[in-house]
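Hello,

Here is the structure I promised to pass on to you. Have a look at it first, and then read on for what turned up in it.

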Amino acid sequence: MFFNFTRVHGLAAVVMLITAPALAQERVEIPLDFADLPADLWSKDRLTPERIEGGLRLYDVGEGAFNDASFWQITVAQDLPYGRKMLSFDVTVAPDHQPLWGTHLLQPIIDGQEASPALGEDGTPSVTLSIAEDGKGFITIPQDYSDQTITLDIPKSETRISTFAFMTAGAIGYDMTLTDIKVVAWPEDDTRTFAQNPVTSSLGFPTGHPQSIIVEWSGFEPGSPDSPDTADLTLTGPDGPENIVVALPRRLSAASESAVSRLMFDLEPGDYTLAVPALGAGSAPAEVAFTVWDDLAALTQMRDEAWGAFYWITSGPIGPFPDAHLQDTAARVFRGEGTRDITGGWYDAGDYGKYSVNGAWAAALMLLTGLNASETLDHGITPLAGDTDRPDWIDVVVAQLDWLVKMQGPDGGVNHKVTTRDWPRLDIRPEEDTAVKFLMPVSSTATADFAAAMALGAKVLQPYDADRATQFENAAALALAWLDANPDLVMIEPTYDGYQYGGPYTDDDDSDERFFALAAWAALQQSPETIAAAEAELQTRRDVLNASDNDTYWGKVDLLGMWALKSIESQLTEDGAAQVNSTLRSAAHKWSVLQQRSQWLLPMEDTQGFPWGSNGALATIGWHWMMWAHVDGDQKYADAGRTLLPYFHGRNPLGQTYVTNAAGVRNPHLRPHVSGAFDLPPGFIAGGANSIDLAGDPTSGAILGQPPLRMFVDHKDSYATNEVAINWQAAWSLYASFLVAAE
Ligand code: 9MR
């Protein structure tokens, strides 16, 4: 066998065309038939791609010079044989094409890396790339515009090509064609070995937590008659080595496209090593080490670091950058009159924008926890912005609510976001980012989420700060009046004159947000009328949750509405309380059934994709499980929450710890860090694997075509997988508080 099939990929069938053991060094050609036209990754909207016989034409449709780069990516998703090989294509350039950057035409990129010329038999490069001042290597246009065949190296060990991308150079009348795009290969017997991949938690296992290790097998094909049924592993701990017989899996996990075994232990405290044997030719043994603790110190540190992270993204006078973003005192009303002060609050994420929908969501998770399980949050937080005598978590959330309240206009409507027209450069320090902030238009989702957060905030603050509580209550009432006067969806545009003005957080359905607002208002007022108004929606909202498998994130807030009502359970009608409880229980239950079935112990179908911020989605489920166990007493859901935890600390195919700590993420997409404004604080959680929407992420070339669970890269440019954000930070911190409190 000369292809390694142990890591089975979706398109393995394609290479099976070449089945018989060919003589070494026989030349084969693999045409690359890409299904879709290349994507204009930087959305420059100037060049047009067109499919032509045998390839692709890319040409300028605009007037005059296009003295700019554009970035194009073709998804090829093709398995390749092991052995020497190259990407080959023919380039022609139209006679009218006038290059503006010397004779530069395009910079070729294979799987996210700048490609190098293939070497001929005698070791000479097939083509010379011209190196630009910034170090980028370009294919150039010959003086006589003759056709060229370009061959680029694909490393011998790469058994797949996912993307072919290129950056175009400036030109007047850009016009080129790429044809006969193929891989030329000289397949060889693949005698490499692949190590087994046992993964577990870099945090270790706090006392009382289930101890799990997942082994991703090499050299083993589930279902093949030649495959063994069991493997012998050795666990070495304080009492010496012990033999463990493991039944091998009978199917592949779709999420990792590999054969995996889940191992659960119940070990005494100590340091352990698990040794995993090779299975047949092509696989090599491997070991994994882990610690079982006799205390909660590691877990408590994790919790404290998670909460401490909020300080580092607090803007305004009480945060770490009091002299930054002074323009926030006078944010301009977009296409309107005047300015407003929108200082303070948390930066949304790795960017310096502030978004009402997500801002309210993150605050609401904290407030709902405070209303349903305040004991859990009774712990210190450092560093802390705006330290007072109240419980620390209230200081954390009040910093955000004091900003949020400024997002409301005089008529009660809430501006969707406050952002700069262009994304600030990634290496810009907070105080260097002086661009004007615009208060973008009002939306009904922002207004409803705002109303909910303000009502819950008022309720939480009543015992501590009556004036603020009244201010928030009035703001909620005004927002609700606006919602009554505007019964239809009001939404911002995704772009204005081609400018993004930050992230969208757009939504085509505000019925869940309106329900959340009513439920939170009822939780604050506790009057028969307000309770009746919220309860009237219960059946519909349950049906929606059911139909969407309890979809819960910044854009779907029905479950938060249920938690708001749960906080006044004794005042609901009997039927209302029963509905709320059964909805919350059913979400916990369904996620737990999924986790039990999942080979990676995740609360999702194995075939389901990973959304942007998947770690946030998972941490939100962890939070829900723990809070349900806390209020209802059913410990199996606390166990589900504990079982999930190691995923975030490396029990995933990448062995990646997703937290910014010594074992984890080092290069998050986070402007104050990338710009050197602070050393990376511990405790942030990165967005995580993203197999659904890589929207222009410049690192996507390096991860496209990987199995979903591997679609993450610890790179500062990877905003779609490696950004920090307040929504997932809130879920992560609260989940951590519960995990500590539950012991
Ligand atoms: O978390 C958001 C995710 O659900 C969306 O798919 C994505 C693209 O619209 O945006 C994410 O939110 C980003 C926001 O738009 C801007 N600030 C950074 C946020 C986290 O990446």
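Predicted model: local features only at pLDDT ≥ 70, side-chain atom pairs only at ≥ 80, totals over all residues.

On the helix 3 side, the contact includes Val357, Ala360, Ala364 and Leu367; on the helix 5 side, Phe450, Ala453 and Leu456 are among the residues involved. Sorted by class, this contact has 11 nonpolar, 3 polar and 2 charged residues.

A second pair to look at is helix 7 (residues 511-525) with helix 10 (residues 558-566), whose axes are 8 Å apart at an angle of about 10°. That angle makes helix 7 roughly parallel to helix 10. Among the residues that meet here are Phe515, Phe516 and Ala519 in helix 7 and Leu560, Met562 and Leu565 in helix 10. The contact has 10 nonpolar, 1 polar and 2 charged residues.

Then there is the ligand. Which residues are around it? They include Tyr355, Trp423, Trp554, Trp612, Glu723 and Trp728. Asp348 has a side-chain N or O atom 3.0 Å from a nitrogen atom of the ligand, and a polar side-chain atom of Asp351 lies 3.1 Å from a ligand nitrogen atom. For Tyr505, a polar side-chain atom is 3.2 Å from an oxygen atom of the ligand.

Enjoy exploring!

Terms used: Residues numbered from 1 in each chain as written. Heavy atoms only, no water. Contact = heavy atoms within 4.5 Å. Helix = DSSP H or I, 4+ residues; strand = E, 2+ residues; numbered from the N terminus. Nonpolar A, V, L, I, M, F, W, Y, C, P; charged D, E, K, R; others polar. Axes fitted to C-alpha atoms, helices over the stretch in contact; angles between N-to-C directions. Parallel < 35°, antiparallel > 145°, perpendicular 65-115°, else oblique. Near = heavy atom within 4 Å. Polar contact = N/O pair within 3.5 Å; in protein donor to acceptor, adjacent residues only side chain to side chain.
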